[in-house]
Amino acid sequence: MKAFQFEQNKILIPSYFAETDSELTSAVNNKELAAYRTSQNKGIIAFIDEDQSIISEKDLSNQFIIFQLSDKKEGAAVLESSEVEPSLEGSKEEPDVLVNLEMQSFHIGEDVKIDKKTRATMRINIGKDESSTNPYFETVFWSIAAGLDLYNKAKNKPVSPKDLKADFKEAFANRPIEIPGGLAKMTFEVVKHQEPKWWQRIFNFFKSGTGQVFTSTIGFPAITTSAISLVDELLNKLDKSDPEILFKSRPLRLALSQKAKNDYTSGNERVKIGALSPGFCVLARGKDFLKLINADAYYYPTYGKLVPEKVNNADLVSGNYNDPFKNVTYAIFRIGMKTTKLDPTFNYGNSDF
């Protein structure tokens, strides 16, 4: 099986059900199915494939799931995307969405073996979902390839989560990601491996006497799926470097505005779709789903970590606390969004053609 392979039609649909029936309850009680009660028993979240079947918990295990950090102190701290209501409205005048992504930290679980030669390669694709109501733009994706140096040689230990960060806007020459119609499709994959000889030539890590960059990124704006396949072929040269898949992704469909959500569902509450709002989100594996939705957590940017409530600063600095996330591998992203109207026409000066 290839480590990197973009199968855009193999959709994963996280679905939140506020009201449950006997079939959903049966799925929750079946330990082999990926269906779970939410925190405070407010409903059930089931993970459904393109055939409208609940996938197995085994299949969900290394699949990435996207969560939104709540901006309120009351209620659940971490929301799975299908529980999120978009904060951007969207309109006929501004139906499209511009997105900026910043990876604030990447936390490697303590159960993942890291030595001096350990590296990782990350790949993110995000673009217009083919179900978008915007007819003027082809379905293309903004693709990011990132190299992560997971070992701090100066400190002789695995790198700190806060040191694995990247502003992906820079990888796209400060251009925002364009999502026509505000309906996005996103994939996220991370593979841990030893460093092949060609890897440093692709990902440039700048080092100095006072510091070291642990993340290097390359951006490919607005490329087709055939072009993504070429990127995949390059990254799949990791096959001889003892690769271990940390995340293996199916695409997630995400509404970035209320208009995009309403356009897709036609207001039907039985049609399920994930959503995102500007702010902070967590990308983690399905195997850690319950740890995250049941956690009353805060994010500390200074340390790049999720921390349980009621942990004081002294214990946080010393690490003298029970950390439910110590074996959880997760990435923290900051997402900026704004509505806009993309113009598909070209205007060459003032001439009329």
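How many bridges join strand 6 to strand 21, and do they run parallel or antiparallel?

A: A few notes come first. This is a predicted model, in which local features need pLDDT of at least 70 and side-chain atom pairs count only at pLDDT 80 or more, while totals for chains, interfaces and linings use all residues. Residues are numbered from 1 along each chain as its sequence is written, and side-chain values use heavy atoms, with hydrogens and water left out.

Now to your strand. Strand 6 covers residues 96-107, and eleven bridges join it to strand 21 (residues 330-340), the two running antiparallel. Strands here are DSSP runs of E with at least two residues, numbered from the N terminus, and two of them pair if DSSP finds at least two bridges between them. Within this pairing, Val-99 stands opposite Met-337 of strand 21.

Strand 6 has other partners too. With strand 12 (residues 177-179), strand 6 forms three bridges, again in the antiparallel sense; here Val-97 has Ile-179 as its bridge partner. Strand 11 (residues 166-167) is joined to strand 6 by two bridges and also runs antiparallel to it.

What about its surroundings? Ten of the twelve residues of strand 6 are buried, so the strand is largely enclosed by the rest of the structure. Buried means under 20% relative accessible area, computed with a 1.4 Å probe on protein chains only.

Note on methods: Buried < 20%, exposed > 50% of the residue type's maximum accessible area, 1.4 Å probe, protein only. Helix = DSSP H or I, 4+ residues; strand = E, 2+ residues; numbered from the N terminus.
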